[in-house]
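Hi,

Here is the structure I promised to pass on. Have a look first, and my notes on what turned up follow below.

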Amino acid sequence: KSRGLAMAVTMAQARGVDRLAIPTAGNAGGALAVYAARAGMDAYVFMPADTPAVNVHEVMTAGAEAFLVEGLIDDCGSVVEAGTDNMEWLDVSTLQEPYRLEGKKTMGLELFEQFGPSLPDVVLYPTGGGTGLIGMWKAFDELAELGWIDPADRPRMVAVQSDGCCPIVDAYEAGDRFADRARDPETIASGLRVPAAVGDFMILDAVRESDGRAVAVDEDRIREWMRLATAQTGVSVGPEAATCVGAAERLADSGWLRPDDDVVIFNCGGAQKYPHLSDPSTLPRLDPDAPVDWAALRAQGTS
């Protein structure tokens, strides 16, 4: 989100814009708030009422005008769109202005920089609005047009969603180019709770052109994959990327992912944004005035 919003804010300021507005499930709002603060611009951020408190705090701390909407992110988007004429703000919603996509494109360019002269075989991307996946595919197209890569060497793109909100997967499996709005979307990965992605057809085009997949994974296992990935890598993995861990597991078991594939999972937000997903009351408690049962403590550490 920061890549896209840094570019959007920079270019808006260069063109004399002084007021920006965005609907967000959390991270995009935080990114807009801090970059707008740096640029001396007004930012209006509209979030679903159940947005994680850490994300709301981030927006408020940066001085943006924050609002909670009783609805989902597309309801927030409707508020932004309705206010454009009266408020005279620039709508920086997903794919409503060109530069967020250009900022997201740098993820693809960075893959080329780090893997070059080749690219990874597979990219798994947690897909809500899907701008990152679209931006990377644009980057790969441009690298091919420049003659820096063979078009056949572009990665297979995997759009990953929770089965609690998976309109892109449903459209992929139905063979459709456009996705129906998800009914009753529910997932702890707030960045994936996008019932209707504006760029649905671009996501699906990229997935199909790359011989990729769109995969929905079990909502009930997201916490498990968060712990697994963070414990294995030391990287703070959010619930959105955790869905990709589950997708990789499934695709490997099916043979679609091969042992010699170079696979990249994008982690779009850290676990620290979701403290409510852990329950500290379940932790063992020690009395400093009582003897420590070291055998029990050792067993706890190896369980």
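Predicted model: local features only at pLDDT ≥ 70, side-chain atom pairs only at ≥ 80, totals over all residues.

Let me start with Gly-135, which is buried at 0% relative accessibility (buried means under 20% relative accessible area, exposed over 50%, partly exposed in between, with a 1.4 Å probe and protein chains only). Residues are numbered from 1 along each chain as its sequence is written, and side-chain values use heavy atoms, with hydrogens and water left out.

Back to Gly-135, which sits in helix H6 (helices are DSSP runs of H or I with at least four residues, strands are E runs of at least two, and both are numbered from the N terminus). Skipping neighbours within four places in sequence, Gly-135 is in contact with Leu-101 and Lys-105 (contact means heavy atoms within 4.5 Å). Thr-131 is also in H6 and is buried too, with a relative accessible area of 4%.

Now the cores. A nonpolar core here is a set of buried Ala, Val, Leu, Ile, Met, Phe, Trp, Tyr and Cys residues joined through side-chain atoms within 4.5 Å. The largest one has 32 residues, and those with the most contacts inside it are Leu-111, Leu-133, Met-136, Phe-140, Ile-203 and Phe-266. Among the elements that each supply at least two of its residues are H5 (99-115), H6 (131-145), H7 (167-174) and H8 (200-209). H6 gives the largest share, 7 residues. Beyond its neighbours within four places in sequence, Met-136 has contacts that include Leu-111, Val-123, Tyr-125, Met-157 and Phe-266. There is also a second, separate core of 22 residues, including Val-158, Ile-222, Trp-225 and Val-237.

How do H7 and H8 pack? Their axes come within 10 Å and cross at roughly 55° (axes are lines fitted to C-alpha atoms, for helices over the stretch in contact, and angles run from 0 to 180 degrees between N-to-C directions). That makes H7 oblique to H8; under 35 degrees would count as roughly parallel, over 145 as roughly antiparallel, and 65 to 115 as roughly perpendicular, with the rest oblique. The contact is made by Ile-168, Ala-171 and Tyr-172 of H7 with Asp-200, Ile-203, Leu-204, Val-207 and Arg-208 of H8.

On cysteines, the disulfide count is 0, using a cut-off of 2.5 Å between the sulfur atoms of a pair. Cys-166 is buried at 13% relative accessibility, and its nearest cysteine sulfur, that of Cys-165, is 7.1 Å away. The sulfur of Cys-268 is 7.3 Å from the closest one, in Cys-244, so that is too far for a bond. Cys-268 is partly exposed, at 32%.

Gly-116 and Pro-117 are joined by a cis peptide bond with omega about 10°, and Pro-117 is in the loop between H5 and S5. Glu-88 is not a glycine but has a positive phi of about 55°, and is exposed at 63%. Asp-184, in the loop between H7 and H8, likewise has a positive phi, about 50°, and is exposed at 71%.

Cheers
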